[in-house]
Amino acid sequence: MSGSLPDQPGAEVRVSPNFGPRRDTLRPDMIVLHYTGMATGAGAEAWLCDPASEVSAHYLVHEDGRIVQMVRESDRAWHAGKSSWFGRVDINSCSVGIEIVNPGHALGYKAFPKRQIDAVIGLCEGVAGRHSIPQQRVLAHSDVAPGRKVDPGEKFPWKALFAAGVGHLVPATPIRHGAALKAGDSGADVEALQSMLALYGYGVEISGAFDRQTEIVVAAFQRHFRRQLVDGVADDSTIRTLQRLLASVKIASPK
């Protein structure tokens, strides 16, 4: 990318050596949002550009709204790690990765400043427009790597993004006391839950058994779409929110 203009107008350019070609002629069809999970934005920027780290992202968004592009959108950045969506496991080859400066859960997780989120919205609009990425394919790192990753976390303001036309959301069904599906349960209701999660894109086996992986995926879903309580228990609020989410968009696995 050295010597070229950034893909996103107004972005600064700092080239990371940590990238390669997209595999199997894949093109970006999703955006994956992360938080940096480091003490400072400067430290995160340096790490993403350090050959020793073997990680990178296409973009970094600082707390003051500055956008830094590190890898061309046409190239494969190393941001998603072991992950999957709709059964595809090389998420790096079909996504644009955006790192958002925030210390994360381990270092004093905090709210994301408005100017930072405004910059993220504008960046996502640009990326989605250039690659015809649908709203339901603006995802959290925790969506594509449930259990292994929790970023950008339950404080990330998905509602603000959705209000601007970025990402997919429905108002969460209120939490009420009542029956719920949980670890150790089995049967047709669990199978239906797993089927709905898989239909949305989550990597979960449809077995009819509420195993540890199902619990992890339910928690990942809650972290994005029902943030009031993230406990891995599929209560009425979780299930109804998932049903309404599916009903609100035509889901189709990418070709």
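Q: Buried means under 20% relative accessible area. With that cut-off, which residues of S3 are buried on one side, and which on the other?
A: This is a predicted model. On one side of S3 the buried residues are Met30, Val32 and His34.

Q: How many residues of strand S3 are buried in total?
A: Six of the six, across residues 30-35. S3 is therefore largely enclosed by the rest of the structure.

Q: What is the order of the strands in the sheet?
A: The order is S1-S5-S4-S7-S3-S8. These six strands form an open sheet, and the pairing is mixed.

Q: Which are the edge strands?
A: Strand S1 (12-13) and S8. Each of them pairs on one side only.

Q: How many bridges join S3 to strand S7, and do they run parallel or antiparallel?
A: Six bridges, and the two strands run parallel. S7 covers residues 95-100. Take Met30 as an example: its bridge partner in S7 is Ser95.

Q: And how many bridges join S3 to strand S8?
A: Three, again with the strands running parallel. S8 covers residues 138-140.

Q: What about strand S4 and S7? How many bridges join them?
A: Three bridges join S4 (residues 59-61) to S7, and this pair runs parallel. Leu60 has Glu99 as its bridge partner in S7.

Q: Switching to helices. At what angle do H6 and H7 pack?
A: About 70°, with the axes 11 Å apart. H6 is residues 212-225 and H7 is residues 236-247. Angles of 65 to 115 degrees count as roughly perpendicular, and H6 and H7 are therefore roughly perpendicular to each other. Their crossing is left-handed.

Q: Which residues make that contact?
A: H6 brings Val218, Phe221, Gln222 and Phe225. H7 brings Thr238, Thr241, Leu242 and Leu245. By class, that gives five nonpolar, three polar and no charged residues.

Q: And helix H5 with H6: how close do the axes come, and at what angle do they cross?
A: The axes come within 11 Å and cross at roughly 55°. H5 spans residues 188-200. The two helices are therefore oblique to each other. The crossing of H5 and H6 is left-handed.

Q: Which residues are in contact there?
A: From H5: Leu193, Gln194, Leu197 and Tyr200. From H6: Thr214, Val217, Val218, Phe221 and Phe225. Seven are nonpolar, two are polar and none is charged.

Q: New topic. Is Ser142 buried or exposed?
A: Ser142 is buried, at a relative accessible area of 2%. The residue lies in helix H3 (residues 141-144).

Q: What does Ser142 touch?
A: Lys149, Val150, Asp151, Ala220 and Arg223. That leaves out residues up to four places away in sequence.

Q: Asp151 again. Which kind of peptide bond joins Asp151 and Pro152?
A: A cis bond, with omega about 0°. Pro152 lies in the loop between H3 and helix H4 (158-163).

Q: Where is Pro28?
A: Pro28 is in the loop between strand S2 (19-21) and S3. It is buried, with a relative accessible area of 9%. Leaving out residues up to four places away in sequence, Pro28 touches Arg22, Glu73, Cys94, Ser95, Val96, His131 and Ile133.

Q: Thr25 next. What is its phi?
A: Near 55°, a positive value in a residue other than glycine. Thr25 sits in the loop between S2 and S3. Thr25 is exposed, with a relative accessible area of 74%.

Q: And what is the phi of Glu54?
A: Also positive, near 55°, and Glu54 is not a glycine either. Its loop runs between helix H1 (41-48) and S4. Glu54 is exposed, with a relative accessible area of 57%.

Conventions: Residues are numbered from 1 along each chain as its sequence is written. This is a predicted model: local features need pLDDT of at least 70, side-chain atom pairs count only at pLDDT 80 or more; totals for chains, interfaces and linings use all residues. Side-chain values use heavy atoms; hydrogens and water are left out. Axes are lines fitted to C-alpha atoms, for helices over the stretch in contact, and angles run from 0 to 180 degrees between N-to-C directions. Helices (H or I, at least four residues) and strands (E, at least two) are DSSP runs, numbered from the N terminus. Angles under 35 degrees count as roughly parallel, over 145 as roughly antiparallel, 65 to 115 as roughly perpendicular and the rest as oblique. A crossing is left-handed if the near helix is turned anticlockwise from the far one by less than a right angle, and right-handed if clockwise. Contact means heavy atoms within 4.5 Å. Ala, Val, Leu, Ile, Met, Phe, Trp, Tyr, Cys and Pro count as nonpolar, Asp, Glu, Lys and Arg as charged, and the others, Gly among them, as polar. Buried means under 20% relative accessible area, exposed over 50%, partly exposed in between (1.4 Å probe, protein chains only). Two strands pair if DSSP finds at least two bridges between them.
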